[in-house]
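Let's walk through this protein together, one piece at a time. Keep the sequence and the 3D view side by side as you read.

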Amino acid sequence: MAGSARHLFNIKSMKIVRNTLIITTIASLIAGCKPEEAPSTTQAEAPVLLSSTPSDGATDLQGSEITAELIFDQNIRCSATASVTISGEAKIDRVFAGTNNLLVDISSLAPGQGYTLTIPAGIIRGFKENQKETPAISLNFSTKAAPVETHYDRDPMQSLTNKDASEGASKLYAFLLENYGKKTLSGAMGGTAWETSYTDMISNLTGKYPAIVGFDYLFNNWPPKHWPGCPDYSDITPVKKAWEAHNIIQIGWHWCVPPAEGTTDINNYSYNTKAFGVKNALTEGTWQNAEMKKQLAQIAGYLTLLRDAGIPVLFRPLHEAAGDYGWGAWFWWGYDGAEACKQLWRYMHDMFTNEYKLNNLIWVWTVQTSDKGQLAGVDKLEEWYPGDEYCDIVGADLYVAKNTTQSQIFQLVNDSVKGKKIVVISEFGNLLDIDGFFEEDAPWGYFMNWCNFENGNPVLYAKNSDGSYVWNNSVEDWKAALGNSHTLNRNDISL
């Protein structure tokens, strides 16, 4: 029985294995008879724009030509480049696909215009197979508007306040007026009052000589050679030499006066003594009045030498009279207030014009723009202004940071004279951006750098006692300023 049972089990086992093999074989055959699956229809993503230069919506682009760059997330190719378009009168000069960037050269851009760069759908492609079409791309941008000429009332500017102005003064003023709003004249103090070591240094460092050279009657009443740099103003050689080299001449006057009647020690004279006073100086019979008249006669004599030599002068006395409107004046001619200062200016103007016949002078009034360290209101400037009939040019002395926005300051000064006078930077420390003169609608007629010396040598900077800089101009700063296309230098002057 046991043997028969074992035999029966083996037979059943063999049947099961056989049947399993048959079923497996049939299943394999059935599986093998299935049709092939269709290839995947999933498409690769189209190139995606990551960034652009200029960015979409960019404003104030400068220049008539730009290269727009579009950067994608993968390498690209560009077909039908002629389909890439730019709106308006602008032109596309080239369309070039790099690796993952597209460069579009655009020209004939006009100032103050908006543009749209359009790249139709499908023009930008990737390198993958079965890749989606790149959608259309629009890039919008605008160019910076051309400077709008500041309001100038040209009629009052056509003639000088002195109706009998010399031919030289009239020619110089006409030259300044011709270039006003279009060009600016470079300028710097020649050196210590009556020499040109500072402007000579600028020329040696940059290869260009400033158009205007500044001098100063600072040492009037000081004996010649009293100490190094103290000049003899009756010797006009330094000024004449500069004029003959085609420089324009500016002369200021740090007007030093004695602190008391009978003071003979010149070392006690000062331009900020409060004991003198404008009101006293304008009162007949006072010692201050006698001193004032004596010094006016001295300066008129020196200016007469220049007149007789045919040299016109940008004459800038009583500068910075208001000081800071809130904190007060720092020169004696401003201590008694606006009305007194204006009377002194008019007195001097009338005396030099009518009595001394100084028809070679172009009168430069210096406004102040600071009120407790902030930009003053126009009413403050108007209060101190001597009047249109007494001023030919109006200047501001600016000791500000190099990146200072100029438009507000310029407009303040220009508004204070209602656009009737040439507006200039009559003194400054840091060089300002010359392009900014015109881009920011601040077209100063000229700029005049104050000088500084260290150990007897001229330097391009000035320092506080703690070693920090009051201002600091590098050689490169000066090269950029004098080399600017808006700047006129000495070699550009023809009078």
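Lys418 is not a glycine, yet its phi is positive, near 55 degrees. In general, most residues other than glycine have a negative phi, and most peptide bonds are trans.

Before going further, a word on what you are looking at. This is a predicted model, in which local features need pLDDT of at least 70 and side-chain atom pairs count only at pLDDT 80 or more, while totals for chains, interfaces and linings use all residues. Residues are numbered from 1 along each chain as its sequence is written, and side-chain values use heavy atoms, with hydrogens and water left out.

Now step back to the whole protein. Its secondary structure comes to twelve helices and 25 strands. Of its 495 residues, 46% are buried. Here buried means under 20% relative accessible area, exposed means over 50%, and partly exposed lies in between, using a 1.4 Å probe and protein chains only. Contacts, meaning heavy atoms within 4.5 Å, tell you about the fold too. Among contacts with a separation of 6 or more, 72% are between residues 24 or more positions apart.

Let's return to the helix that Lys418 follows. Which residues of α10 are buried? In this helix, spanning residues 407-416, they are Ile409, Phe410, Leu412, Val413, Asn414 and Ser416. The elements covering them include the strands β15 (361-367), β17 (374-375), β18 (393-398) and β19 (422-428), along with helix α9 (378-384).

You will find Lys372 in the loop between β16 (370-371) and β17. Lys372 counts as exposed, at 51% relative accessibility. Another backbone feature to look for is the cis peptide bond joining Thr53 and Pro54, where omega is about 0 degrees. Pro54 belongs to the loop between β1 and β2 (58-61).

Next, look at how two helices meet. α7 and helix α8 (residues 338-355) pack at an angle of about 45 degrees, with their axes 11 Å apart. The axes are lines fitted to C-alpha atoms, for helices over the stretch in contact, and angles run from 0 to 180 degrees between N-to-C directions. How are α7 and α8 oriented to each other? They are oblique: angles under 35 degrees count as roughly parallel, over 145 as roughly antiparallel, 65 to 115 as roughly perpendicular, and the rest as oblique. On the α7 side you can pick out Met292, Lys293, Leu296, Ile299, Ala300 and Leu303, which meet Leu344, Tyr347, Met348, Met351 and Phe352 in α8.

Stay with α7 and find Gln288, which lies in this helix. Gln288 is buried, at 7% relative accessibility. Apart from its neighbours within four places in sequence, Gln288 is in contact with Ala275, Phe276, Asn280 and Ala281.

Finally, turn to the charged side chains. The structure holds twelve salt bridges, each being a side-chain nitrogen of Lys or Arg within 4 Å of a carboxyl oxygen of Asp or Glu. One of them joins Lys132 and Glu45, at 3.2 Å from N to O. Lys132 lies in the loop between β9 (124-125) and β10 (137-143), and Glu45 in the loop between α1 (2-32) and β1 (49-53), so this pair ties together parts that are 87 residues apart in sequence. Lys132 is partly exposed, with a relative accessible area of 37%.

Other salt bridges lie within a helix. In α7 (residues 287-308), Glu291 and Lys294 are three residues apart, about one helical turn, and their side chains meet at 3.5 Å, N to O. An α-helix has 3.6 residues a turn, so residues three or four places apart point the same way. Glu291 is buried, with a relative accessible area of 11%, whereas Lys294 is partly exposed at 36%. Helix α12 (residues 475-483) holds Lys479 and Glu476, three residues apart, whose closest N and O atoms are 3.9 Å apart. Salt bridges with shared partners also join Arg316, Asp397 and Glu427 into one network.

How values were computed:
Helix = DSSP H or I, 4+ residues; strand = E, 2+ residues; numbered from the N terminus.
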